[in-house]
Amino acid sequence: MMPIGPLMKEHRVIERMLNIVEKRLNIMKKEEEVDTTFIDTVVDFIKNYADKRHHGKEEDILFRELNKKELSKDHKRIMDELVQEHVFGRNTVKKIVDAKERYEGEDKDALKNIAENLHIIIDFYPKHIEKEDKHFFIPCMDYFTGKERDSMLKEGEVFDGKLNQVDYEGVVKQLENKQENETNEQITLPFCQSSVTAEQDRSQDDDEPCDDGIR
Ligand SMILES: [Fe+2]
Ligand SMILES: [Fe+2]
């Protein structure tokens, strides 16, 4: 595998988290209430997975090695932009943390700041990822020999081993399942406006009026 293999896999996990955030944000805006536990989970994911683990490998291994090469003007420019975008991401997360603390301190207007900055993250990260996936990672591999690529891949594994060992992909999967369950509940229950569960309903007669809504 090339050293960009793990980075591209991590991009897919980050994209999945962004989807979750977008859906959750819509609910928070509708209900005018911040789910602070969810915000803590998102902040932890961005800080420890997207930034420390992912940007960490990009900056401390790939970009460091690219800096030793004679890059084309375009690649140099893109790499500089990517580093600046990482800084922008970190600053945006700081604003989210700050607004969340204000919200917990009863400043309900902070909801607007949380929403604004989550929107920035949702909008900015996919563009950043696309720039790396489609315009930078693959062409940049041409600067390296096979041996250099192998050595970066191994260094990435060692790098990951030194970080917290939280299964962030598992965290994302759990959040996806939770959201899916919530969506199913919303789709099925309003039909009969009843709190009856699917299991209870199956035990009832087939000609009960709410069958279609629950199955
Ligand atoms: Fe990046
Ligand atoms: Fe990346």
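Predicted model: local features only at pLDDT ≥ 70, side-chain atom pairs only at ≥ 80, totals over all residues.
**Exercise 1.** Compare the reach of helix 3 with the span expected at 1.5 Å a residue, then find its buried residues and what covers them.

*Solution.* Start with the length: helix 3 runs over residues 73–104, which is 32 residues. From first C-alpha to last it reaches 47 Å, close to the expected 46 Å. Next, look for burial: the buried residues are Met79, Gly89, Ile96, Ala99, Lys100 and Tyr103. Their cover includes helix 2 (36–66) and helix 4 (110–135). Finally, step just past the end of helix 3, where Glu106 has a positive phi of about 75°.

**Exercise 2.** Do likewise for helix 4 and name the helices its buried residues pack against.

*Solution.* Helix 4 has 26 residues and reaches 37 Å from its first C-alpha to its last, close to the 38 Å expected. Its buried residues are Ile114, Asn117, Leu118, Ile121, Tyr125, Ile129 and Glu132. These pack against helix 1 (4–31), helix 2, helix 3 and helix 5 (137–140).

**Exercise 3.** Work out how helix 2 is oriented relative to helix 6 (residues 146–161), and which residues make the contact.

*Solution.* First take the axes: they come within 10 Å and cross at roughly 150°. Angles over 145 degrees count as roughly antiparallel, so helix 2 is roughly antiparallel to helix 6. The crossing of the two is right-handed. Now list the contact: helix 2 gives Arg53, Gly56, Lys57, Asp60, Ile61, Leu62 and Glu65, while helix 6 gives Glu148, Met152, Glu155, Gly156, Phe159 and Asp160.

Notes
Residues numbered from 1 in each chain as written. Chains lettered and ligands numbered in written order. Helix = DSSP H or I, 4+ residues; strand = E, 2+ residues; numbered from the N terminus. Expected span 1.5 Å × (residues − 1). Buried ≥ 20, exposed ≤ 12 C-beta atoms within 10 Å, placed from the backbone. Contact = placed C-beta atoms within 7 Å. Axes fitted to C-alpha atoms, helices over the stretch in contact; angles between N-to-C directions. Parallel < 35°, antiparallel > 145°, perpendicular 65-115°, else oblique. Left-handed = near helix turned anticlockwise from the far one by under 90°.
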